[in-house]
Amino acid sequence: MSDHQDARTEDLMRRLSNFAHGINLAMAALPIPMTLPSTGEVSLIGDYLPAIIRAYEIVDEQPLPELQLAQATTALLHWITAAELTVGYTLSGAGHRADGAVLLCMAGEQHLADLIEFLVDPEGTEPPQD
């Protein structure tokens, strides 16, 4: 791997880790809490990916409004797809895979932020956080 590809892979893994941390917080705050592995203690691809796929498979059982279920599902699916694109980038060096992973992390984090805002204030009585 080139130095550029190494640096880009490292950046992608950092982004995935940060996104995973937010997912862990949101999943723990659900009406039926889900506990996922701590990202600092496991391999993101080898250990965390199967756990998040399982969370994706069962998240629709949460007693949440349709919009919040969609936000949770979308955030999880964005993380899964970003992780798979990161693996593909690491193996191939194809820049479009790295670009896709970055965009999925960014979009997924926004869905996650909206979900967390609802979980913290389901009645919508708190002013928006900046």
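A: **Salt bridges and their residues**

Asp99 is partly exposed, at 39% relative accessibility (buried means under 20% relative accessible area, exposed over 50%, and partly exposed in between, with a 1.4 Å probe and protein chains only). The model is predicted: local features need pLDDT of at least 70, side-chain atom pairs count only at pLDDT 80 or more, and totals for chains, interfaces and linings use all residues. Residues are numbered from 1 along each chain as its sequence is written, and side-chain values use heavy atoms, with hydrogens and water left out.

Asp99 makes a salt bridge with Arg8, with 2.4 Å between the closest N and O atoms (a salt bridge is a side-chain nitrogen of Lys or Arg within 4 Å of a carboxyl oxygen of Asp or Glu). This pair links distant parts of the chain, for Asp99 belongs to helix α4 (residues 95-120) and Arg8 to helix α1, 91 residues apart. Helices are DSSP runs of H or I, at least four residues, numbered from the N terminus. Arg8 is likewise partly exposed, at 21%.

In the whole structure, 4 salt bridges are found. Another of them joins Asp11 to Arg14, the closest N and O atoms lying 2.4 Å apart. These two residues are separated by about one helical turn, because they stand 3 residues apart in helix α1. Asp11 also meets Arg15 in a salt bridge, at 3.0 Å from N to O. Through shared partners, Asp11, Arg14 and Arg15 form one network. Relative accessibility is 24% for Asp11 and 44% for Arg14, while Arg15 has a relative accessible area of 26%.
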